[in-house]
Amino acid sequence: MASPGYGKRSAPGQRPRTEHDFAHLLPRDAAVAAYIDGLCDGADISVKTLAKTLPYGQCALRTTLNRLQEAGHLRRGSECIATEEALLWVTRTFFSRTGHDDDWWNAFIRGDVPQEQAPQRPTRSRSFILLAALGRNTPALTLSQADCAALEPQVTEWFERGATEPEILHALTEGLPPRIHHAAALIRRRLLDKLPPLREASPTPRVVLRTLECRECRAPGNATAMPGGLCTTCRGTTPQTPNGPVGAVPDHGVRARMSAVRAGLVPRAERGHR
């Protein structure tokens with residue numbers, strides 16, 4: 001794992017994993033991309049760390065990571081995390097199994113990327129899973145599927161009031177009688193009698209700003225200014241918009257303008273004669 005704040009961060013809006021996610025890449029790039037895709041968030045994916053695990057050298061891996069940027073699978077940048085005490089800048093390497101263009105990455109750093117959810121099979125709720133697992137550690141509280149479905153709304157109300165899973169499990173399993181004749185009835189009674197008051201959720205850190213970095217010189221910028229992860233300077237092109245106000249002297253013409261001004265100045269010895 002990388003140091004806190006560093007390492008891999010999965011980008012949103014990714015399709016489900018398949019065997020052909022990186023078929024459009026070169027074999028080495030596809031192998032590295034598949035390896036990174038399987039790592040958890042926060043994993044160290046620096047060139048040195050990857051070289052210790054994968055059968056490629058650091059130069060080859062650096063080239064591969066650059067090509068993954070060009071293909072829209074990877075971007076390097078920073079995030080500003082707002083807490084109650086301060087603003088903290090942390091380094092991120094954003095990875096996406098689904099390749100995206102520069103417009104998508106530009107929207108991502110603005111924070112307005114739509115969350116594209118792929119169709120999935122209906123899954124059981126958090127409340128249903130908690131009830132279904134009660135019998136693992138407390139066999140006397142084993143419930144049927146019908147019992148779990150009937151008690152699900154009551155457990156959901158506990159979660160909505162801010163209760164945690166350990167708190168609910170403690171309320172349901174602490175101080176049980178020696179013999180339990182009807183587990184569902186006992187749980188229903190406890191969920192009703194021990195229902196906690198509504199509590200305010202504690203504020204969580206929120207991302208307020210993101211920026212990307214050029215893959216060559218690490219200059220910060222947005223996706224519009226860095227198509228394919230390269231800034232204007234590293235692409236070898238000149239910015240279309242001049243710096244400074246209208247009529248300002250270009251950077252490359254400052255020396256010539258100052259030489260012309262000096263040449264037009266009257267020498268101090270001749271100022272009194274004019």
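To begin with, is Glu-165 buried, partly exposed or exposed?

Modeller: Happy to, keeping in mind that this is a predicted model. Glu-165 is partly exposed, and its relative accessible area is 34%. Its side chain meets that of Arg-126 in a salt bridge, with an N to O distance of 3.1 Å. This pair joins distant parts of the chain, 39 residues apart: Arg-126 belongs to helix H5 (residues 126-132), while Glu-165 belongs to helix H8 (residues 165-173). Arg-126 counts as partly exposed as well, at 46% relative accessibility.

That pair belongs to a wider set.

Take Asp-29 and Arg-67, whose side chains form a salt bridge at 2.7 Å, N to O. Asp-29 sits in helix H1 (residues 27-37) and Arg-67 in helix H3 (residues 58-70), so the pair ties together parts of the chain that are 38 residues apart in sequence. The surroundings of the two partners can be read from their accessibility. Asp-29 is buried, at 3% relative accessibility, because the cut-off for buried is under 20%. Arg-67, on the other hand, is partly exposed, with a relative accessible area of 28%.

Asp-193 and Arg-189 meet through their side chains in a salt bridge of 2.8 Å, N to O. Both residues lie in helix H9 (residues 183-193), and they are four residues apart, about one turn of the helix. An α-helix has 3.6 residues a turn, so residues three or four places apart point the same way. Within this pair, Asp-193 counts as exposed at 52% relative accessibility, because exposed begins over 50%. Arg-189 counts as partly exposed at 45%.

Salt bridges also link three residues into a network: Arg-17, Asp-37 and Arg-97. As for the general principle, side chains of opposite charge can pair when their charged atoms come close.

To bring this back to your residue: Glu-165, in helix H8, pairs with Arg-126 of helix H5, and the N to O distance in that salt bridge is 3.1 Å. Both partners are partly exposed, Glu-165 with a relative accessible area of 34% and Arg-126 at 46% relative accessibility.

Key: Residues are numbered from 1 along each chain as its sequence is written. This is a predicted model: local features need pLDDT of at least 70, side-chain atom pairs count only at pLDDT 80 or more; totals for chains, interfaces and linings use all residues. Side-chain values use heavy atoms; hydrogens and water are left out. A salt bridge is a side-chain nitrogen of Lys or Arg within 4 Å of a carboxyl oxygen of Asp or Glu. Helices (H or I, at least four residues) and strands (E, at least two) are DSSP runs, numbered from the N terminus. Buried means under 20% relative accessible area, exposed over 50%, partly exposed in between (1.4 Å probe, protein chains only).
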